[in-house]
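Reader: I have this model open and would like to go through it with you. Could you start with the ligand site and then move on to the rest?

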Amino acid sequence: MSELLDSEIKFLPGVGPKRAELLQAEADIHTFRDLIYYFPYKYVDKTRFYKVKELDTDMQYVQVKGKIRRFTTEGGGSARRLTADFYDETGVVKLVWFKGHKWVLNAYKPEKEYIIFGKPTLFSGAFNIVHPEIEESEKRETRVSSALEAQYSTTEKMKDHFLHSKAVAKLMATAFSMPALRIPETLPPAVTGPLKLMSLSDALFRIHFPDSNTDIENARFRLKFEELFYIQLNLLRYKGNRAKNTHGFVFSVVGERLNSFYANNLPFALTEAQKRVIREIRADLGSGRQMNRLLQGDVGSGKTMVALMSMLIGADNGFQGCLMAPTEVLAIQHYNSISRFVEGIDANVALLTGSTKRSERTRIEKGLLDGSIDILIGTHALIEENVKYKNLGLVIIDEQHRFGVAQRAKLWQKSDCPPHVLVMTATPIPRTLAMTLYGDLDVSVIDEMPPGRKPIKTMAFTDAEREKVFGFMRRQIEDGRQIYVVYPLIKESESLDYKDLEDGLESMARAFPPPQYCISVVHGRMTTKDKEISMNLFRSGQAHIMVATTVIEVGVDIPNASVMVIESAERFGLSQLHQLRGRVGRGADQSYCILMTSHRLSADATERINTMIATNDGFEIAEADLRMRGPGDLEGTQQSGMPFDLKIADLGKDGQILNLARSRAGEILADDPELSQPGNQLLSLNLRKLFGRKFSWSEIS
Ligand code: ADP
Ligand code: MG
């Protein structure tokens, strides 16, 4: 039985309605379980010893060095208890046990020196310590680490109401001392046994009340393992089920469109990586199973071509394909380049975005329904309710991290037989995170850049060195190159950001005056039409400089642009910086990324800037990002939304545990795919509890 775990926190002695409200609002603690899963962020050594005569009722936990004298059994029935006098040179305190009498009598010897640890309470005029932790004094002295006290993070508001770390610890102790508290085991012996995992109840107790560092390690290991294990079990179960059950459209023929495209239109030789990935996708499309594939490839690696060729395969088999981009600018760019690529090929391409005109929209909707449109490119307008397809067979999501979970869920519901799904991402995701977010997807990686690209040179300058930077920019322009200048745009201070942009634009216009220089501007407050005019001004080479907010972050492809200047670079996250840098280095010329920063930088910002200077490798950068910030803050994951919170596991550090959890989950499913064997009942029960009613990630990816 586990009712107590699910009871509201206000029923815990010492909480009450006021504190319950605080715990809920500030720490998301609603139930006993939430409290127990509120893990300490660190531990402190218990080095302080008290003398018996110093004991007081308002003390949380004390440790006292002394000896036991005389055990006595008192009371009867349920009040029966074992007591002992514990004394030092200053007085006597009574130790009390309600359980485990035999064990206690066996374990502790009178006249031996012990250290006891517990909370003193006053009972009929004398101090008691109920169920104290007891340790031999000698052992403590020989041990390297001493006992450790858990520290809990608390907010200012909590502290204002005396809910500081110690108070949380006290609540924790109260909860654990409640005889009715039962923590049912959540992993079967087949899992805990071979790995020698602590029981859940031990782990939860020990993580709050460890005796040693080993205790903490073991408890953490058990809890992290469990957390990652169930995620993997869930993902792998879906993956397995889908492999068996989900029928997919069969794209079996290689037809006229792809062949003629390959023979006549392909503007360059595909890289080996592109070829391999297209083969992998083709195998999926022809397999009769629905494809769910993640395509990872660093910025500039040529994912668009892979997308196009996949859609042509679809068209050859009579299916429509759609390609969703995160921004209108990017959708338009895709539309333009794909339209150009397929010139002369019998493939009808259309563009649908939020600002497509009514009449055009009606025409497109008709073409989608009657099947005359083969390829639809657009933004989320593609997945609006009223957009219906005749025969949608393939959905490609570009730069997926800008699409929220809910948006993709909609997509899934578009047809009875789910279309093939290809998720393309240029945000290199660390392996551990990919395994956790996309563990049910097949993964293809483009790990090779088109030939002839020179690594981008990255440099950092402060505002004081601006003249130098301007000089460099002028020389680049003289050489016929083009330059991006990007300003941060962070939602919370939007108007301030626009002011930065405007100020920057002004100084830029002074340094690069017309008619010698032409500057184009793109930012989110412009109409689509104006944005397009500005983009075209730059794309056509008329404008030398494009000043923009981060709307250009994703996917914009202008090979002649060879310098990326990022203003207030310290305000950008690592993956954003990497994305921005990826806008240059697309042509054959040496490209540069210039990070403008203020004079004083935080340690974190310095590390980000240094990482950017040190490496061009997106995966290295993603790993650094994960290490520095943790997955919750990783760009991309935030927008797409982790389908769960990791309470204890850290994807930046726990890769090994993750591997272990995944392989154990895989073994179990290989043996019992439906988890129907009696020994696996607990697993399927917990899977249902954890993922059952909640949105299931793998169903939409
Ligand atoms: P991303 O993977 O970032 O979406 P794109 O698909 O935009 O990259 O490709 C970047 C640039 O490289 C484009 O100009 C594209 O036409 C070009 N490109 C793609 N594949 C090749 C290739 N195999 N050889 C040469 N250029 C290529
Ligand atoms: Mg792209």
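Author: The shell around ligand 1 divides into five nonpolar, six polar and five charged residues, where Ala, Val, Leu, Ile, Met, Phe, Trp, Tyr, Cys and Pro count as nonpolar, Asp, Glu, Lys and Arg as charged, and the others, Gly among them, as polar. This is a predicted model, in which local features need pLDDT of at least 70, side-chain atom pairs count only at pLDDT 80 or more, and totals for chains, interfaces and linings use all residues. Residues are numbered from 1 along each chain as its sequence is written, chains are lettered from A and ligands numbered from 1 in the order in which they are written, and side-chain values use heavy atoms, with hydrogens and water left out.

Reader: Which of the 16 residues around ligand 1 come nearest?

Author: Those are Gly300, Lys303, Thr304, Arg453 and Asp557, a residue being near if one of its heavy atoms lies within 4 Å of the molecule.

Reader: And what lies 2.7 Å from an oxygen atom of ligand 1?

Author: That is an N or O atom in the side chain of Lys303, and such a pair is a polar contact (N or O atoms within 3.5 Å). A polar side-chain atom of Arg586 lies 3.3 Å from an oxygen atom of the ligand, while a backbone N or O atom of Thr271 is 3.5 Å from a ligand nitrogen.

Reader: Switching topic, how do helix 13 and helix 14 cross?

Author: The axes of helix 13 (residues 303–316) and helix 14 (residues 328–341) come within 11 Å and cross at roughly 60 degrees, the axes being lines fitted to C-alpha atoms over the stretch in contact, with angles running from 0 to 180 degrees between N-to-C directions. The two helices are therefore oblique to each other, given that angles under 35 degrees count as roughly parallel, over 145 as roughly antiparallel, 65 to 115 as roughly perpendicular and the rest as oblique. Helices here are DSSP runs of H or I with at least four residues, and strands are runs of E with at least two, numbered from the N terminus.

Reader: At what angle do helix 14 and helix 20 pack?

Author: Helix 14 and helix 20 (residues 528–539) pack at about 55 degrees, with their axes 11 Å apart, which makes helix 14 oblique to helix 20.

Reader: Where is the cis peptide bond?

Author: It joins Pro514 and Pro515, with omega about 0 degrees, and Pro515 is found in the loop between helix 19 (494–511) and strand 19 (519–522).

Definitions and conventions
A polar contact is a pair of N or O atoms within 3.5 Å; within protein, one must be able to donate a hydrogen and the other to accept it, and residues adjacent in sequence count only if both atoms are side-chain atoms.
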